[in-house]
Each structure stands twice: as C-alpha cells, then as structure tokens.
Amino acid sequence: MSKARDAAARVVSVCDVITGIVASGEAAFLDDIRAQWAAEMGLIRIGEAVSKIPVAVRERFGDQPWRQIIGMRDFAAHQYDDLDPRRVWRTLVTDVPRLREYLTATVLADRE
C-alpha cells in the first residue's frame, strides 16, 4: 500500500501544478502552446504514476477509470500531434480535479 500512496501523492502533486496551468482560463490556455505542452506532460506524468499503482490496489479502488487514465498517458506520449487542445482542456478542468479529490479522499486517506 505504501507504493500506492507514493504514486497517489505524485499524482496529487501533478494535479496541483495543472490547477495552476488552468487558472488563467480556457482562452489563455488555448492561446499558449507552452501551457498546452506542460499540461500534456502533466497528463503523461499522471498516467505514468497511476501505472505504478499495483493492479491489486487499483482494483480495490475501482471507482476510477484507471485504464483510461493510463490510456490518456499513452495517447499524449505517442500521438501528441492528434491531441485536441479543447479536449485536453476538458480533461484538465473536469477529470483532473475529480481524480485529485478521489485520491486524497480514498487512497491517501486509507490507512490499512
């Protein structure tokens, strides 16, 4: 469980960085290629950290779409030219905060 907590803590840290990236709003994000690339790297880091959470632990916390999170990492890493900045924005402002909240309330709060 320690490995899962460490990975979850890394994800939460990346989520916090992403919160800073989106703070300027959607228009600013869509106009700033550096912010887009930074956010894409954040998604890659999130997927990478999630992939390091042992499968048994991910199964125990089945309320998250773990495979899709890892899949987004693969897509961002290998098909970055096909990433739609608006889709990335939606992921950043909808899914990332939910993931952060979930990890904080469940994986990081779990003491078993």
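**Reading the aromatic pairs**

Modeller: Trp89 is buried, with a relative accessible area of 10%; buried means under 20% relative accessible area, exposed over 50% and partly exposed in between (1.4 Å probe, protein chains only). This is a predicted model, where local features need pLDDT of at least 70, side-chain atom pairs count only at pLDDT 80 or more, and totals for chains, interfaces and linings use all residues. Residues are numbered from 1 along each chain as its sequence is written, and side-chain values use heavy atoms, with hydrogens and water left out.

Colleague: How many aromatic pairs does a search of the whole structure find?

Modeller: A pair of aromatic rings is described by the distance of the centres and the angle of the planes. Rings of Phe, Tyr and Trp (its six-membered ring) pair if their centres lie within 6.5 Å; planes under 30 degrees apart count as stacked, over 60 as edge-to-face and the rest as tilted. The search of the whole structure finds two such pairs. Phe29 and Trp89 have ring centres 5.4 Å apart and planes at 40 degrees, so this pair is tilted.

Colleague: Which helices hold Phe29 and Trp89?

Modeller: Helices are DSSP runs (H or I, at least four residues), numbered from the N terminus. Phe29 is in helix H2 (residues 26–31) and Trp89 in helix H6 (residues 85–105), 60 residues apart, so the pair links distant parts of the chain. Phe29 is buried, at a relative accessible area of 2%.

Colleague: What are the distance and angle for the rings of Trp66 and Tyr102?

Modeller: Their centres lie 6.4 Å apart with planes at 65 degrees, so the pair of Trp66 and Tyr102 is edge-to-face. Trp66 belongs to helix H5 (residues 66–78) and Tyr102 to helix H6, 36 residues apart. Both Trp66 and Tyr102 are buried.

Technical notes. Helix = DSSP H or I, 4+ residues; strand = E, 2+ residues; numbered from the N terminus.
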